[in-house]
Amino acid sequence: MKRILMMVIRNLLFVPYGWIKLCYYASHVDKYTAEQRYALLKYIDARANWGGKIKIDVHGRENIPEKDGFIFYPNHQGLYDVLAIIEACPRPFTVVMKKEVADIPFLKQVFACMKAYALDRDDVKQAMKVIMTVSKEAAQGRNFLIFAEGTRSRDNQLLEFKGGSFKAAIKARCPIVPIALIDSYKSFDTNSIKPLTVQVHFLKPINYEEYGNMKSVEIASEVKKRIGNVIAEYE
């Protein structure tokens with residue numbers, strides 16, 4: 001968490017303005033388009049990354065589908081993951097997060113600006129309602145990000161990818177875009193403040209025609225394999 005303090009100190013003159021504007025957008029999301037809200041997040045994110053001496057090394061940006069209505073499935077290393085992908089991705093997207101992180105300061109405001117969904121893993125009925133909502137909105141052209149591991153690995157190793165995380169994509173019949181994150185956990189989940197490069201790899205999308213006949217656990221296994229291959233190659 002030392003890096004967060006460094007971000008604040010190096011942006012000391014910007015922080016009051018950025019925080020007030022972020023909070024205002026988060027409290028008045030319907031006054032702004034998704035593009036306007038995303039542009040603000042990218043601006044604040046870029047300032048934070050500069051302050052924290054973090055460089056985002058982006059690979060495969062051309063693999064992001066031209067047509068909206070897809071779901072990103074990255075590996076989940078730490079609290080910084082979404083912020084890494086925001087800088088890397090030129091297109092607005094939102095997040096399905098676990099409710100435990102919904103009230104973390106700053107992330108709370110970021111997720112509000114994204115109109116993100118909090119999923120309660122202990123409430124099956126609520127979780128299914130979120131999945132149905134996400135599938136409906138993805139089919140209508142909204143882009144999402146879902147962490148299939150469900151919890152942070154805090155390193156470059158992969159945890160189990162849960163099949164249930166892919167039900168929204170299956171119902172929406174939308175492209176699945178795997179994302180391989182490398183060293184993202186070093187940003188907020190360690191005490192290091194050394195200059196850091198975080199790799200974000202957008203992999204080739206998996207279209208419904210490719211996964212439509214697969215079981216959700218088989219899709220999870222395939223996505224995990226593709227991400228693991230990239231991490232093994234670039235780590």
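**Cavity, salt bridges and surface**

Reader: How many cavities of 30 Å³ or more does the count give?

Author: This is a predicted model, in which local features need pLDDT of at least 70 and side-chain atom pairs count only at pLDDT 80 or more, while totals for chains, interfaces and linings use all residues. Residues are numbered from 1 along each chain as its sequence is written, and side-chain values use heavy atoms, with hydrogens and water left out. A cavity is a set of points, on a 1 Å grid over the protein atoms alone, where a 1.4 Å probe fits but cannot get out. By this rule, the count of cavities of 30 Å³ or more is 1.

Reader: How much space lies in the largest cavity?

Author: Grid points are joined across faces, edges and corners, and a volume is the space filled by probe spheres set on the points. For the largest cavity, the space comes to about 30 Å³.

Reader: Which helix gives the most residues to the lining of the largest cavity?

Author: The lining (residues with an atom within 4 Å of a point) consists of L41, I44, D45, L83, I86, F106 and V110. By class, 6 are nonpolar, none is polar and 1 is charged, where Ala, Val, Leu, Ile, Met, Phe, Trp, Tyr, Cys and Pro count as nonpolar, Asp, Glu, Lys and Arg as charged, and the others, Gly among them, as polar. Helix 3 (34–51) and helix 4 (81–88) each supply at least two lining residues; helices (H or I, at least four residues) and strands (E, at least two) are DSSP runs numbered from the N terminus. With 3 residues, the greatest contribution is that of helix 3.

Reader: How far is T197 from I44 in space, C-alpha to C-alpha?

Author: T197 belongs to strand 7 (residues 196–202). In sequence, T197 and I44 are 153 residues apart, and their C-alpha to C-alpha separation in space is 18 Å.

Reader: How many salt bridges does a search of the whole structure find?

Author: Side chains of opposite charge can pair when their charged atoms come close. A salt bridge is a side-chain nitrogen of Lys or Arg within 4 Å of a carboxyl oxygen of Asp or Glu. One network of such bridges links R152, R154 and D189. Over the whole structure, the number of salt bridges is 9.

Reader: How many residues apart in sequence are the parts tied together by the pair D120 and K99?

Author: The side chains of D120 and K99 meet in a salt bridge, at 3.3 Å from N to O. D120 lies in the loop between strand 4 (117–119) and helix 6 (124–139), and K99 in the loop between strand 3 (94–98) and helix 5 (107–113), so the pair ties together parts whose separation in sequence is 21 residues.

Reader: In the salt bridge of K186 and D183, which residue is buried?

Author: The two side chains meet at 3.5 Å, N to O. Buried means under 20% relative accessible area, exposed over 50%, and partly exposed in between (1.4 Å probe, protein chains only). K186, with 30%, is partly exposed. At 16%, the buried residue is D183.

Reader: Which helix holds both E222 and K225?

Author: E222 forms a salt bridge with K225, their closest N and O atoms being 3.4 Å apart. Both are partly exposed, E222 at 22% and K225 at 46%. The two residues are 3 apart, about one helical turn, in helix 10.

Definitions and conventions. 1 Å grid on protein atoms, 1.4 Å probe; cavity = no way out; pocket = protein on both sides within 12 Å on 5 of 7 lines; lining within 4 Å.
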